[in-house]
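Let's learn to read a protein fold by talking it through. Here is what we'll be looking at.

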Amino acid sequence: MIALVTGGSRGIGRGIVLSLARAGYDVVVNYAGNVDAAKEVAAEVEALGRRALIVQADVSVAADRERLLAESYAAFGRLDLLVSNAGVAPTVRADILEADEESFDRVLGINLKGPYFLIQSAANRMIAQPEGETRPKIVIISSNSAYTASVNRGDYCVSKAGLGMVTQLFAARLAEHGINVYEIRPGIIATDMTGAVTAKYDDLIFNRGIQPIRRWGRPDDVARAVVAVATDLLPHSTGEVINVDGGFHLKTL
Ligand code: NAP
């Protein structure tokens, strides 16, 4: 079985790639700029006895998305799983009374528009491909920012809230083709993305009890949820939100 993981070279995506390889998938590892990280994870996949293809492509660029899918199908002939994981935080955290359009366009292009049209293209190819062992699946990595207002990164929050609707739309549209769509909402996960704000999140997790499970999330926590989908453990669920957040989403009194 074949999976494509966008942003599969580092952080959560890397964890997903390795877990999928352990679960028996050959994997297309997409990355944006850091080829060394992509090569490393590909070597790890091959060490696990699976095939890996690395493809540089910026998911916000239409021609790159088409090339990514074309190279994936040229190498493997099909896709059984698309994990739309690539995403960025704003370069500068700026108050929403000041944040500029340039940041909005960049973040929305990579985090929302790119995934929307990548999923559209991938879904059309999945519908057209021959039947496989199982029906193809799509997993969207959004965030607890889909419903949590952070006023110093509004563009990021808007992009993740949008992914919630992308999940519902494609789940509703693709069910007739037997393609289930899932949204995974990570909470605070230790990766390069959160590396710059480690002290802030340490304080929130360990001193302020922002989430009932008092530890940082790990890429492997998210990867396990993806593997549950990938190994067909949720066949009668689609449009489902899976929180991987240490219970952050719970309201308590
Ligand atoms: P990360 O460590 O910064 O890794 C980002 C990955 O995405 C890298 O492989 C990067 O490739 C790739 N990427 C960046 N821009 C891209 C583009 N335009 N096109 C294709 N690939 C691109 O991030 P992460 O923390 O693992 O986050 C992964 C996903 O989880 C994101 O969607 C993020 O919003 C979401 N998330 C993260 C957290 C968290 O706490 N970390 C929480 C909730 C949700 P290069 O190495 O080539 O740049």
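**Reading a strand from both sides**

Q: Which faces of strand β4 are covered?
A: Both of them: Leu81 and Val83 are buried on one side, and Leu82 and Ser84 are buried on the other. Bear in mind that we're reading a predicted model.

Q: Why do those residues split into two sets?
A: In a regular strand, side chains alternate between the two faces of the sheet. In β4, which covers residues 81–84, that puts Leu81 and Val83 on one side and Leu82 and Ser84 on the other.

Q: Which strand do three bridges join to β4?
A: That's β1, residues 2–5, and the two run parallel. To find your place, look for Leu4, which stands opposite Leu82 in β4.

Q: How many bridges join β4 to strand β5?
A: Four, and these strands run parallel too. β5 spans residues 137–141, and its Ile138 has Leu82 opposite.

Q: Which helix goes with β4 and β5 in a β-α-β unit?
A: Helix α4, residues 101–128; the unit is right-handed. Zooming out, the chain has eight helices and seven strands.

Q: Why does a radius of gyration of 17 Å agree with a compact globule?
A: Because a compact globule of 253 residues would come out near 18 Å, and the chain has 17 Å. The C-alpha atoms fill a box of roughly 50 × 40 × 35 Å along the principal axes.

Q: How much of the chain is buried?
A: Buried residues make up 51% of the 253. As for contacts between residues at least 6 apart in sequence, 73% join residues at least 24 apart.

Definitions and conventions. Residues numbered from 1 in each chain as written. Predicted model: local features only at pLDDT ≥ 70, side-chain atom pairs only at ≥ 80, totals over all residues. Heavy atoms only, no water. Buried < 20%, exposed > 50% of the residue type's maximum accessible area, 1.4 Å probe, protein only. Pairing = 2+ DSSP bridges. Right-handed = clockwise from strand over helix to strand, strands pointing away. Rg over C-alpha atoms; globule rule 2.2 N^0.38 Å. Contact = heavy atoms within 4.5 Å.
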